[in-house]
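Please read it alongside the sequence and the model.

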Amino acid sequence: MATNAATNAAGRKPETQLALVRRARKMNRILAETYPDAHCELDFRNPLELLVATILSAQCTDKRVNMVTPTLFAKYPTVEDYAAADREEMEEIIRSTGFFRAKTNSIIGMAQAVCDRYGGEVPAKLKDLVTLPGVGRKTANVVLGNAFGVPGLTVDTHFQRLVRRFGWTEETDPVKIEHVVAELLPKREWTIFSHRVIWHGRRICHARRPACGVCPLAALCPSYGTGPTGQAEAQKLVRSGPFS
């Protein structure tokens, strides 16, 4: 059973699980209408490239990663190339993404593990992906959902913040949040819902001052009023991608 502390629109009583499911699915439909083009904003052509790009995206914007990966992908076209990479050369290419030494360790270690354990092919199962250096559930679900078509929820910082703000859960642990949301939405929606939420968090539902006055979810969100509710003031807070 999902953990839910949300109240109804009047703030009078806790929401039943059935009511929460209905509200969550309605919010998902509204997000689908609001962001019909929502997608993974990392550039990639195959599972390996997406895995590398997702490792690089830690504590870094997708825009910055996309500026770096063309050079990186050209330099290391195969997993064997990554596994045998010169550490200093790779560090120099990815330096601008931050934490470049740790990311280099993860990428080289990941590639070596893929070569040693999986015959040079990025595995398509969560249980296998999370055994690779630098790959947690979030990264694994990004790769599964966007490179292999396997539904997964990408519980990044935007996702965590928004589903709590939506009143869907009070959990703070990413794995617990993933399980809560999985109970609310059809499995086929998990990957695209993750993109919609991330897009909404980047564009309208900001951490400090959400643009409540122009939010399409306002009528269903128990946190309405956290940010400016006036349309003109809220509109000034709306951002558009790509994000720097």
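α5 and α6 pack at an angle of about 120°, with 9 Å between their axes. Axes are lines fitted to C-alpha atoms, for helices over the stretch in contact, and angles run from 0 to 180 degrees between N-to-C directions. The model is predicted: local features need pLDDT of at least 70, side-chain atom pairs count only at pLDDT 80 or more, and totals for chains, interfaces and linings use all residues. Residues are numbered from 1 along each chain as its sequence is written, and side-chain values use heavy atoms, with hydrogens and water left out.

- Helices (H or I, at least four residues) and strands (E, at least two) are DSSP runs, numbered from the N terminus.
- α5 and α6 are therefore oblique to each other.
- Angles under 35 degrees count as roughly parallel, over 145 as roughly antiparallel, 65 to 115 as roughly perpendicular and the rest as oblique.
- α5 passes α6 in a right-handed crossing.
- A crossing is left-handed if the near helix is turned anticlockwise from the far one by less than a right angle, and right-handed if clockwise.
- On the α5 side, the contact uses Arg87, Met90, Glu91 and Ile94.
- On the α6 side, Phe100, Arg101, Lys103, Thr104, Asn105, Ile107 and Ile108 take part.
- Contact means heavy atoms within 4.5 Å.
- The residues of this α5 and α6 contact divide into five nonpolar, two polar and four charged.
- Ala, Val, Leu, Ile, Met, Phe, Trp, Tyr, Cys and Pro count as nonpolar, Asp, Glu, Lys and Arg as charged, and the others, Gly among them, as polar.

- The axes of α2 and α3 cross at roughly 135° and come within 10 Å.
- α2 and α3 are therefore oblique to each other.
- Their crossing is right-handed.
- Glu49, Val52, Ala53 and Leu56 in α2 meet Val65, Thr69, Leu72 and Phe73 in α3.
- The residues of the α2 and α3 contact divide into six nonpolar, one polar and one charged.
- α2 is mostly covered, with nine of its ten residues buried.
- Buried means under 20% relative accessible area, exposed over 50%, partly exposed in between (1.4 Å probe, protein chains only).
- The buried residues of α2 are Leu48, Glu49, Leu50, Leu51, Val52, Ala53, Thr54, Ile55 and Leu56.
- Their cover includes α3, α4 (79–83), α5, α6 and α8.

**Salt bridges**

- Side chains of opposite charge can pair when their charged atoms come close.
- The structure holds eleven salt bridges.
- A salt bridge is a side-chain nitrogen of Lys or Arg within 4 Å of a carboxyl oxygen of Asp or Glu.
- Glu41 pairs with Arg203, their closest N and O atoms being 3.2 Å apart.
- This pair links distant parts of the chain, 162 residues apart: Glu41 is in the loop between α1 (17–34) and α2 (47–56), and Arg203 is in helix α11 (residues 190–203).
- Both Glu41 and Arg203 are buried.
- Glu41, Asp62, Arg202 and Arg203 are linked in a network of salt bridges.
- Lys75 and Glu89 form a salt bridge at 3.4 Å, N to O.
- Lys75 lies in helix α3 (residues 62–75) and Glu89 in helix α5 (residues 87–94), so the pair ties together parts that are 14 residues apart in sequence.
- Lys75 is partly exposed at 44% relative accessibility, and Glu89 is partly exposed at 40%.
- Glu178 and Arg137 form a salt bridge at 2.6 Å, N to O.
- That pair links distant parts of the chain, 41 residues apart: Glu178 sits in helix α10 (residues 174–184) and Arg137 in helix α8 (residues 137–147).
- Glu178 counts as buried at 10% relative accessibility, whereas Arg137 counts as partly exposed at 28%.

**Positive phi**

- Most residues other than glycine have a negative phi.
- Gln59 is not a glycine, yet its phi is positive, near 55°.
- Gln59 lies in the loop between α2 and α3 and is exposed, at 71% relative accessibility.
- Phe99 is not a glycine either, and has a positive phi of about 50°.
- Phe99 lies in the loop between α5 and α6 (100–118).
- Phe99 is exposed, with a relative accessible area of 57%.
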